[in-house]
Amino acid sequence: MSDTATPLRWGIIGTGAIARVFFDAIEQSRAGQLAAVATRGAPSPEIEARFPGARIVSGYDALLADPAIDAVYIATPHPTHVTLAIRAAETGKHALVEKPLGVNAAEAEAAIHAARRAGTFLGEGFMYRFHPQVARLRELIEQREVGEIGLMRASFGFRAELPETHRLLADQHAGGGILDVGGYAMSMARLVAGAREGADFADPVTVAGAGRLGPTGADLVASASLLFANGLVAEVSCSVALAQENRVELQGTHGRILLLNPWMAGGKSADEAMIVVEPTGGAARRIVVEHGQNTYAREIDAVADAVRAGRSEFASPGPTHADTLGNMHALDRWRASIGLTYSFERLETGRPPLSGRPLKQASRRSMPERRMPGVGRPVSAVALGTASFTGATQAFAVMDAYFEAGGALFDTSFWYGANGLADRHLGAWMASRGVRDAVSLIAKGAHTPLCYPDVIGRQLDASLERLRTGRTEIYMMHRDNEDVPVGEFVDAIAREIAAGRIGAYGFSNWSLGRFDEARAYAEGNGLPLPTALSNNFSLAEMLHPVWAGCVSVSDDASKAWLADGRVGVYAWSSQARGFFTERSGPERRDDPELVRSWYGARNFERKRRAEEIGRRTGRSATQVALAYTLHQPFPVVPLIGPLTVAELDDSLQALDLALTPDDVRWLEA
């Protein structure tokens, strides 16, 4: 190597064909050096022959623990990528993961968060991005060489005669064309769409796919039509059962551009590449792009450049973290549109934690707990909402992280998600982790329009079955029906308490007057008293209901009602649904819900003060707003609804932020 700097010492995890390609490329890099190759089992003569002269390590964990290794290349089947990437971060190793970074976006998000938390590099191995022709193509697009690009086509496909157990076809290996080669076409389409606007990438507004699934469920042939916000239309296709042209065509208003070998041009050698520009009415022009180096070697050097610069990700046109996540989300939509879900992604399988190890239950006590009225045991200071999870991988990853952070209070509802998806996610997670007795549940039912006393028991039946349990520690009616006397609701709930299916109870989105009526009825009839209220409570006052029938208790009169501490508040939208982020501002009007529900002079002043405390304490305004709910003189447990592990960790930082009574009063002033 010509580089005089200390080389990055690489370990290769995996011994397949792509691992051998990377092995050869290290020798051609200027900043990489091979340290070892890890095999899953014991070394064999065949593996030693495939990697001549290499030190062969038995077991992936042994390689990750090796202090003589700085970075690892993960070249194993797709479903193992996320676990090995997380382990690499936990052991302080930089990691390059052969595409895709994860099987789905939730896996990729978890891996990226682990690397960011550890301060290590993590990159996705789309080596074609490092070929000079990609940078040259972007220049041609930005310079409007053939006018404005309006249509692009990208294909990557081959025909393989393989047994159904091969990784390209097997369900357990996430087989099929979309994840193996379709990601190339999708990432190129997103790069082209971004380059048209001078950006690194853009994400499609719509993804409409078609595909043919084989006997194992893997996609054999698939295509998708993409529409971007700037009007660009893209057609992408992939296959593992048909040979395709494997090229990229861009149609502009004044001609077209062709990449005849977009994916592998010079990939394993130093061959030149060629871009063909065909202006309308003019002669075709061939642009020779000098390569000079194996593309995989360029990728290896790009990792070293990033590490030396202290970056945790590639520089564009290499796939940045945001680029990788955008690509994974687009691939998820493509797979969903053709009905492709791998068996291990389904909630029924109870997939183990992405880290590959059992949950660290011993650390649960790290989250503060508090006593809430009517609840038999202390509950976590922050409850995890489950309403917005769309897939089992996402739900399990966030619930795992919350539990390991010490969290043990989960909020769900009969109404959350299609066919009770939130209940089913939570039930499958508790069963697979064996943690039901270690956690507490908030279950809700009787939402408008089915808000009647006889509905309570029937919906509770369904929720408990989905949750795979016989009880809920806290139950709340989800809405009120003022046409029904409160006593009928209290009687119905009291019967469930007597049956042992409900512990504490209360109401969500009820007026305080109706709550008083219910309490008076229960007291007068010797029935259990309601002690829980799940209304909106936040530093920002909800000016107009987010949804019809929503009720807030953020105003001064409501706080005075709560002051006696007889009722615990389980506060939804405690962070005002993004109001305390950069998404809101007097001039920002692109989110109608934020504008309608939260925009007001008093709230903007409170946001300004939260930002001021944030600057003083090194926290975000959103974290200050969450800490505000935790520092009330009456019992409050905020409900949070993070969609990723990163969002969860960001919110939980509020637990360490101490506000004085003067701080709280100043925020409210």
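This is a predicted model: local features need pLDDT of at least 70, side-chain atom pairs count only at pLDDT 80 or more; totals for chains, interfaces and linings use all residues.

Biologist: Why is the pair of Phe22 and Tyr73 called stacked?

Modeller: Two values decide. The centres are 3.8 Å apart, and the limit for a pair is 6.5 Å. The planes make 10°, and under 30 degrees counts as stacked. So Phe22 and Tyr73 form a stacked aromatic pair.

Biologist: Which parts does that pair tie together?

Modeller: Phe22 lies in helix H1 (residues 17-28) and Tyr73 in strand S4 (residues 71-74), so the pair ties together parts that are 51 residues apart in sequence. Phe22 has a relative accessible area of 0%, so it is buried. Tyr73 is also at 0% and buried.

Biologist: Why is the pair of Phe579 and Phe604 called tilted?

Modeller: The planes of Phe579 and Phe604 are 45° apart, with 5.2 Å from centre to centre. Stacked needs under 30 degrees and edge-to-face needs over 60, so the rest is tilted. Phe579 sits in the loop between strand S23 and helix H16, and Phe604 in helix H17, so the pair links parts 25 residues apart in sequence.

Biologist: How do you know whether Phe604 is buried or exposed?

Modeller: Its relative accessibility is 19%. Buried means under 20%. So Phe604 counts as buried. Phe579, at 0%, is buried too.

Biologist: What makes Lys607 a charge over a ring?

Modeller: The charged end of Lys607 sits over the ring of Phe579, 5.8 Å from its centre. The distance limit is 6 Å, and the charge must also lie within 35 degrees of the ring normal. Arg514 lies over the face of Trp510 as well, at 5.3 Å from the ring centre. Trp510 belongs to an aromatic cluster with Phe489, Tyr505, Phe507, Phe515 and Trp561.

Biologist: How do you know that strand S5 is largely enclosed?

Modeller: Count its residues. 5 of the 5 residues of S5 (residues 94-98) are buried, so the rest of the structure largely encloses the strand. Both faces are covered: His94, Leu96 and Glu98 on one side, Ala95 and Val97 on the other. In a regular strand, side chains alternate between the two faces of the sheet.

Biologist: Why are S4 and S5 said to pair?

Modeller: DSSP must find at least two bridges between two strands. S4 and S5 share 4 bridges, in the parallel sense. Ile74 stands opposite Val97 in S5.

Biologist: Which strands run in the closed barrel?

Modeller: It has 8 strands, in the order S17-S18-S19-S20-S21-S22-S23-S24, with parallel pairing. The twist averages 25° from one strand to the next. Ser508 stands opposite Ser534 in S22.

Biologist: What makes the edge strands of the open sheet edges?

Modeller: The open sheet also has 8 strands, in the order S8-S9-S10-S7-S11-S12-S13-S14, with mixed pairing. S8 and S14 are its edges: each pairs on one side only. Neighbouring strands are turned by 15° on average, direction ignored.

Biologist: Why is Cys550 called buried?

Modeller: Cys550 is at 9% relative accessibility. The cut-off is under 20%. So Cys550 counts as buried. Cys550 lies in the loop between S22 and H15. Its contacts include Arg479, Met542 and Trp572.

Biologist: And Ser558, buried or exposed?

Modeller: Ser558 is in helix H15 (residues 556-562). Its relative accessible area is 7%, so Ser558 is buried. Ser558 touches Leu512, Ser552 and Val553, leaving out residues up to four places away in sequence.

Key: Residues are numbered from 1 along each chain as its sequence is written. Side-chain values use heavy atoms; hydrogens and water are left out. Helices (H or I, at least four residues) and strands (E, at least two) are DSSP runs, numbered from the N terminus. Buried means under 20% relative accessible area, exposed over 50%, partly exposed in between (1.4 Å probe, protein chains only). Contact means heavy atoms within 4.5 Å. Axes are lines fitted to C-alpha atoms, for helices over the stretch in contact, and angles run from 0 to 180 degrees between N-to-C directions. Rings of Phe, Tyr and Trp (its six-membered ring) pair if their centres lie within 6.5 Å; planes under 30 degrees apart count as stacked, over 60 as edge-to-face and the rest as tilted.
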